[in-house]
Amino acid sequence: MPELPEVETTLRGIEPYLQSQTITDIIIRDNRLRWPVPESFKMEAKNQVIKSVKRRGKYILIETPDGTIILHLGMSGNLRILPENSTVKKHDHIDIILSSKHCLRFHDPRRFGACLWTKGDPLDHKLLINLGPEPWDDEFNAHNLHKQSRQRRIAIKNFIMDSKIVVGVGNIYASEALFLSGINPNNAAGKISLKRYEALVTAIQVILDQAIKQGGTTLRDFTNSSGEPGYFKQELSVYGREGEPCNKCNEPVRKKVIGQRSSFYCVKCQS
DNA sequence: AATCGCGCCTGACGGC
DNA sequence: TGCCGTCAGGCGCGAT
């Protein structure tokens, strides 16, 4: 399931193939993604030259002079670089054909992903304009988290998964970062001390950095742009390890649903 | 304003 | 073997 490290891994894989290429054609086999792929997309993006490829949160932005393609991988999406006319498999919904005769292929079994076209500054798009800071931005710091969380009773796990607070922290890395910083995921965000927020900010950055270095986490279906899995799964401390011993203290890892999402933690190491 | 919970969707898996 | 229920989960959105 693509979170920030998986999106970043994808971005790094596709960027060299996209830079300065002309989009010679677009094939939409199924427009039923999270939002219907807009009718205008094919005509507007065709013949555009790709200026840059960026990431904002979990969104991938392919910028051209006349507009930007906004991609989101949802739960099960991936992007691959393939020779054009490669064999089409089930759930290969969109091909963006490049002048190099490669194609960028969007594959997404669950269709929670998105492919949109926007003119003007993509950061002003409705989906992006309210996003919080990137995890490595100066603005993402303990002082701000502490200030933003006062009087809030929301569980800390849900708080750090809120994209208005910080982008890119999904279910897996939220559990991992809270373990690393020794914070119980159920704690009310508003009761957490400045000092603990300092540890949490660092933990989020460390976990995401490590996951990017490992090419992301593949639980089931994530692959990078070459079709290979990520290797961070073997470094997960708590996620998906219910009943297995905590690797710090041997206490069995617990699983609890918080905000309709499975959360994993150690009762001894996290308080 | 903050919080909660729904719904979108397919595939894997377990039980019978 | 096959059918069916459950779970997985990003995240916008409507309801409270």
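This is a predicted model: local features need pLDDT of at least 70, side-chain atom pairs count only at pLDDT 80 or more; totals for chains, interfaces and linings use all residues.
Local features here need pLDDT of at least 70, side-chain atom pairs count only at pLDDT 80 or more, and totals for linings use all residues. Residues are numbered from 1 along each chain as its sequence is written.

Start with helix H1, residues 4-18. Helices (H or I, at least four residues) and strands (E, at least two) are DSSP runs, numbered from the N terminus. The 15 residues of H1 should span 21 Å at 1.5 Å a residue, and the end C-alpha atoms are 20 Å apart, which agrees. The expected span is 1.5 Å times one less than the number of residues. Just after H1, Ser20 takes a positive phi of about 70 degrees.

Now turn to the pockets. A pocket is an open set of points on a 1 Å grid over the protein atoms alone, where a 1.4 Å probe fits, with protein on both sides within 12 Å along at least five of seven lines; lining residues have an atom within 4 Å of a point. The largest pocket holds about 890 Å³ of space. Its lining has 28 residues, and Arg34, Lys58, His72, Gly74 and Gly170 lie nearest the centre.

The second largest pocket holds about 210 Å³. Its lining includes Asn78, Arg80, Asp92, His107 and Thr223. Strands E5 (78-83) and E7 (102-107) each give two or more residues to this lining. E5 gives the largest share, three residues.

Methods. Chains are lettered from A and ligands numbered from 1 in the order in which they are written. Side-chain values use heavy atoms; hydrogens and water are left out. Grid points are joined across faces, edges and corners, and a volume is the space filled by probe spheres set on the points.
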